[in-house]
Amino acid sequence: MQFEVWAPHAAARVDMRLNEVTYPMARDTDPGRAGWWRAEAPAGEGDRYGFLLDGDPLVRPDPRGRRLPDGPDGLSAVTDPAAFAGPSDAPQPRVPLQDAVLYELHVGTFTPEGTFDAAAARLGHLVSLGVTHVELMPVCPFPGRHGWGYDGVAPWAVHEPYGGPAGLARFVAAAHGHGLGVVLDVVHNHLGPSGNHLPAFGPYFTDTHHTPWGAAVNLDAAGSDEVRAYLIGSALAWLRDYRIDGLRLDAVHALADGRALTFLEELSEAVDELAAETGRPLFLIAESDRCDPRTTAPRGSGATGAADGSGGLGLHAQWNDDFHHALHCALTGESQGYYADFAESPLAALAKTMTRVFFHDGTWSSFRGRSHGRPVDRRRTPAHRFLGYAQTHDQIGNRALGDRLSATLPPGLLACAAALVLTGPFVPMLFMGEEWGARTPWQYFTDHPDPALGEAVRTGRRREFAAYGWAAEEIPDPQDGATRERSCLDWSEPDGPEHERLLGWYRTLIALRRTQPDLRDPDLGAVRVAFDEERRWLTFRRGDIRVAVNLSAEPVTIALGRNGVRVLAAWEPVEHPGPDGRIHLPGMSAAVLGP
């Protein structure tokens, strides 16, 4: 079997340790492969191996290793994803983004067991809910057993406590068998603070730029060609070898990249080529706080309508936090931090995001102390370039107590939030448990084996929220195992009467989205919104469909026009509009109307 590793930082020697036997490696003589080392050795599935650099006795895992049975500081294990990925002609869902409803899921807390297999056993719930794709939070190895996954340090491998590569392959196969696509959250902007061996091998990071995590991933300095190839190869491996259907790219605004051809353009081109080769509708979804339509404009097309005629990055969709912030303020009345601008007139902010996508489209951002964003050209940009949501792992877990909307809002307002997300113009995304109003929090938790790092995380978290008036003892300890346990979903809840009613509402709305073409219409220019800030109601029209929500506690009468629509679904009993086109909507309720 041939082994190879890119290790340009090794000045004179690289050895491979395989099953306690040391094999010297030779430099690759190909001029186009500078810094690569190669060796041949007999090896089989599960054999442990690693590399020694310039005589250093520390055996380091393979940067491209697919399995780390003993964690980030242990040896790699030989494994062949093709051996457990199943037949290449197995049926796979082919639902395009325009028709998708995504469900964000954290493997470690979706079930108490916290494994791929335990999560797969619950996929029937998602089928009955009606979603089309499961979006897994990061699954690359990180120190300890439990964590959010954003401290991963091995972008080609799978966290062993979840089930390792074989467990992921089983989960994807099970999801596909249920007709569900799988999206994987991947992190290219940083690696975790513990267990990261990449700097010993080569210039994976650069001091040219600095990020909140320290030195930046090297996307534009010397050696960055190989670093880009490393990350793109990892991304393609998830899509090709595990047959995952799409990737969510974490915080692309934090990628420090000054090259003319950006990393994201290269990545999107490679994914599009793989999609054409396989005949599968693969896609990339960006998390970005830039409010920039160029993120999802086609590459080199000038499709943004920008004055300079520049093209986009070619990603297929992006999260729309502005929609979330406006909706959150309208529901809760919160106005702290980045919510301040949205909270001044929350329904006006919500109406703007539903019709023009970004609230900050070149407007002043008081949180940033500057103007922010760029307008979306609604004539050229389809609505499915953006995801809409009321809750995500960030917007819950980054709160001091990890409290969900269901911790403070009555069921009627949760129903209004669901109606705005699931019948709105953007691709809907739910966060696990949202559909039944889960009472369990989703808190920030870690499991760092290094006591000093664990203490630094604990004190840093408490210091962060002390600035907002929280006492240290009020902030859950991330290193306490009970914090993770509290964050696990309680699967007895969906059978409770209150939870069951909300779950039925989500199922009804998702079914309407599937059966009513107007609710999947990509034309942003066709969305019409009316609202009353003082009386706290909002309506919007998408084709022949009308949606009305009343966020106040008092009933309201709303004029929908003489269009002959009938009530298709309502949270509270509602009469069909009369000849005058008016609907009488109870407090804290929503209704969907159509021909």
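Q: Which elements do the buried residues of H10 pack against?
A: Some terms come first. Helices (H or I, at least four residues) and strands (E, at least two) are DSSP runs, numbered from the N terminus. Buried means under 20% relative accessible area, exposed over 50%, and partly exposed in between, with a 1.4 Å probe and protein chains only. Contact means heavy atoms within 4.5 Å. In this structure, the buried residues of H10 pack against H8, helix H9 (340-343), H12, strand E20 (528-532) and strand E21 (537-542).

Q: What should I know about the model and its numbering?
A: This is a predicted model, in which local features need pLDDT of at least 70 and side-chain atom pairs count only at pLDDT 80 or more, while totals for chains, interfaces and linings use all residues. Residues are numbered from 1 along each chain as its sequence is written, and side-chain values use heavy atoms, with hydrogens and water left out.

Q: How many residues of helix H10 are buried?
A: Helix H10 (residues 346-356) has 8 of its 11 residues buried, so it is largely enclosed by the rest of the structure. The buried ones are Pro346, Leu347, Ala349, Leu350, Ala351, Thr353, Met354 and Thr355.

Q: Where does glutamate 20 lie, and is glutamate 20 buried or exposed?
A: Glutamate 20 sits in the loop between strand E2 (14-18) and strand E3 (21-24). Its relative accessible area is 69%, so glutamate 20 is exposed. Glutamate 20 also has a positive phi, of about 70°, although it is not a glycine.

Q: How do I describe two packed helices, and at what angle do H8 and H12 cross?
A: Two packed helices are described by the angle between their axes and the distance between the axes. Axes are lines fitted to C-alpha atoms, for helices over the stretch in contact, and angles run from 0 to 180 degrees between N-to-C directions. Here the axes of helix H8 (residues 321-332) and helix H12 (residues 411-422) come within 11 Å and cross at roughly 155°. That makes H8 roughly antiparallel to H12. The cut-offs are under 35 degrees for roughly parallel, over 145 for roughly antiparallel, 65 to 115 for roughly perpendicular, and oblique for the rest.

Q: Which residues meet where H8 and H12 pack?
A: On the H8 side are Phe323, Leu327 and Leu331, and they meet Leu413, Ala417, Leu420 and Val421 in H12.

Q: How many disulfides are there?
A: A disulfide is a covalent bond between the sulfur atoms of two cysteines. The rule used is a pair of cysteine sulfur atoms within 2.5 Å. By this rule the count is 0 disulfides. Cysteine 291 is in no disulfide, and the nearest cysteine sulfur, that of cysteine 329, is 14 Å away. Cysteine 291 is buried at 5% relative accessibility.

Q: What polar contact does the side chain of glutamate 4 make?
A: A polar contact is a pair of N or O atoms within 3.5 Å; within protein, one must be able to donate a hydrogen and the other to accept it, and residues adjacent in sequence count only if both atoms are side-chain atoms. Glutamate 4, in strand E1 (residues 2-6), has a side-chain polar contact of 2.6 Å with arginine 33. At 32% relative accessibility, glutamate 4 is partly exposed.

Q: Which residue makes a polar contact with the side chain of aspartate 241?
A: The side chain of arginine 240 does, at 3.0 Å. Aspartate 241 is in helix H6 (residues 224-241) and is buried, with a relative accessible area of 18%.

Q: Where is serine 406, and which backbone oxygen lies 2.5 Å from a polar atom of its side chain?
A: Serine 406 is in the loop between helix H11 (393-397) and H12. The backbone oxygen is that of alanine 438. Serine 406 is buried, with a relative accessible area of 5%.

Q: Which residues is leucine 136 in contact with, leaving aside neighbours within four places in sequence?
A: Among them are Leu105, Val107, Phe116 and Leu168. Leucine 136 is in strand E9 (residues 133-136) and is buried, with a relative accessible area of 0%.
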